[in-house]
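Colleague: Hi! I'm new to this one, could you walk me through it?

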Amino acid sequence: MALDQDGGIAQYEAPEKDLYDMGEMPPMGYVPAQMHAWVLRRERHGNPDTALQLEVVDVPEIGDQDVLILVMAAGVNYNGVWACLGQPVSVFDGHRAPYAIVGSDAAGIVWAVGAKVKRWKVGDEVVVHCNQDDGDDEECNGGDPMYSPSQRIWGYETADGSFAQFSVVQSQQLMPRPKHLTWEESACYTLTLATAYRMLFGHAPHDLKPGQNVLVWGASGGLGSYAIQLINTAGANAIGVISDESKRDFVMGLGAKGVLNRKDFNCWGQMPTVNTPEYAEWFAETRKFGKAIWDITGKGVNVDMVFEHPGESTFPVSTFVCKKGGMVVICAGTTGFNCTFDVRYMWMHQKRLQGSHFAHLKQASAANQLMLERRLDPCMSEVFTWADLPMAHMKMLRNEHKPGNMAVLVQSPRTGLRTFEDVLNA
């Protein structure tokens, strides 16, 4: 299997200016004073189409361990929606910056490096994982960096994300870009792929093993599409849940063993009070859902793991259908944060409830290696122009986006370009 090779970037001429138009390339390594960016300010919290506004801002300065990247394309994910809405909290309550540039996925080119950066050089083509930390505590040195008190998500808990011509990142956030992918395909996958990877493989002893069964909520979405592929790659069985019958073939095509449409059941939302008539109705419908899982896994075979992220609407059912000693792993609450469940089935069946949050570099790098080796499809569904970036987030907010992952062009002038030379020629 041929792996990606770095062929270097050819020399080119360009003028030195303080500000460049979108898509206009500065000389390699030249850092202008200002840049174009989609900017969020506290007083504009609301829907993305009004919260995000185009502004000209200063190019951020880098520290000794930082890298400045020229952003070619960026990924669109729910971090941007939450940041705009100011939910569940305002991002400004964390970083206290006067404005925020959101965006937690990017593919680009190393444009400047800090004095102590050794692994990367100007001109390297990279993707960015979104975990940052200060690197100087026990968890960052022998533990799990995701448990570090300084852990934060770039482009959400920091003010310098990917929706700008340039972004500053820690050097440890960088990974090689798959050269067989376009810029937009490279930009769309890291956040959701690495999140799914940690959920499935990062919580021993409940790390995914061959032959196990996993229930995957939102199987056609960004997280779900990678979960299905990772589960399949590991030799395990994915049971995908969809909400639209038109998505069934997409999920089966990713390698799912079976697909359930949640609209065929009526057991969603917060769980009714135990031992009430309403609970009895809910319980009967939940068992019907469990029986539908058995139709795929075999009679009496509950799932070893539930891959959760909707939260409030699905959590009661997830904790019921998981097998004895199994795990419900959750990374978000896209339908709400007030999760209810019948705790009797948690303690008596000794099930594990595990929160999971993005991934550290080793996990992100392992996931990226699968993409470099062409074992995974980025499942990019839609690409938006720079001008349509707020509209892309509105589609996500309204759940109107197509199956898979979305990207937006930043410095790359059009879709389908795979090298920096392609961009220069375009």
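Colleague: Among contacts between residues at least 6 apart in sequence, what share joins residues at least 24 apart?
Modeller: That share is 70% in this chain. Keep in mind that this is a predicted model.

Colleague: Good to know. How many helices and strands does the chain have?
Modeller: There are 13 helices and 17 strands. The radius of gyration is 22 Å, close to the 22 Å from the globule rule for 426 residues, so the chain is as compact as a globular protein of that length.

Colleague: And what box do the C-alpha atoms fill?
Modeller: Along the principal axes, roughly 75 × 50 × 45 Å.

Colleague: What percentage of the residues is buried?
Modeller: Buried residues account for 57% of the 426 in the chain. As for the surface, the chain exposes about 17,500 Å², and carbon and sulfur atoms supply 49% of that.

Colleague: Let's go inside. How many residues are in the largest nonpolar core?
Modeller: It has 105 residues, and those with the most contacts inside it include Leu40, Leu200, Ile231 and Phe307. Strand S3, residues 66–76, gives the most to this core, with 9 residues. There is also a second, separate core of 24 residues, with Phe289, Ile293, Phe320 and Ile330 among them.

Colleague: Why would nonpolar side chains be buried together?
Modeller: They tend to be in soluble globular proteins.

Colleague: Back to Leu200, then. Which residues does leucine 200 touch, leaving out those up to four places away in sequence?
Modeller: Its partners include His206, Asp207, Val214, Ala227, Ile231, Met305 and Phe307.

Colleague: New topic: is isoleucine 296 buried or exposed?
Modeller: Isoleucine 296 has 18% relative accessibility, so it counts as buried, the cut-off being under 20%. This residue lies in helix H8, residues 277–297.

Colleague: What does isoleucine 296 touch beyond residues up to four places away in sequence?
Modeller: Isoleucine 296 touches Ile239, Lys257, Gly258, Val259 and Leu260. Leucine 260 is 36 residues apart from isoleucine 296 along the chain, and their C-alpha atoms are separated by 9.5 Å.

Colleague: What follows H12?
Modeller: Asparagine 399 does, and its phi is positive, near 55°.

Note on methods. Residues numbered from 1 in each chain as written. Predicted model: local features only at pLDDT ≥ 70, side-chain atom pairs only at ≥ 80, totals over all residues. Heavy atoms only, no water. Helix = DSSP H or I, 4+ residues; strand = E, 2+ residues; numbered from the N terminus. Rg over C-alpha atoms; globule rule 2.2 N^0.38 Å. Buried < 20%, exposed > 50% of the residue type's maximum accessible area, 1.4 Å probe, protein only. Contact = heavy atoms within 4.5 Å. Areas by Shrake-Rupley, 256 points an atom, 1.4 Å probe, with all protein chains shown as cover. Core = buried A, V, L, I, M, F, W, Y, C linked by side-chain atoms within 4.5 Å.
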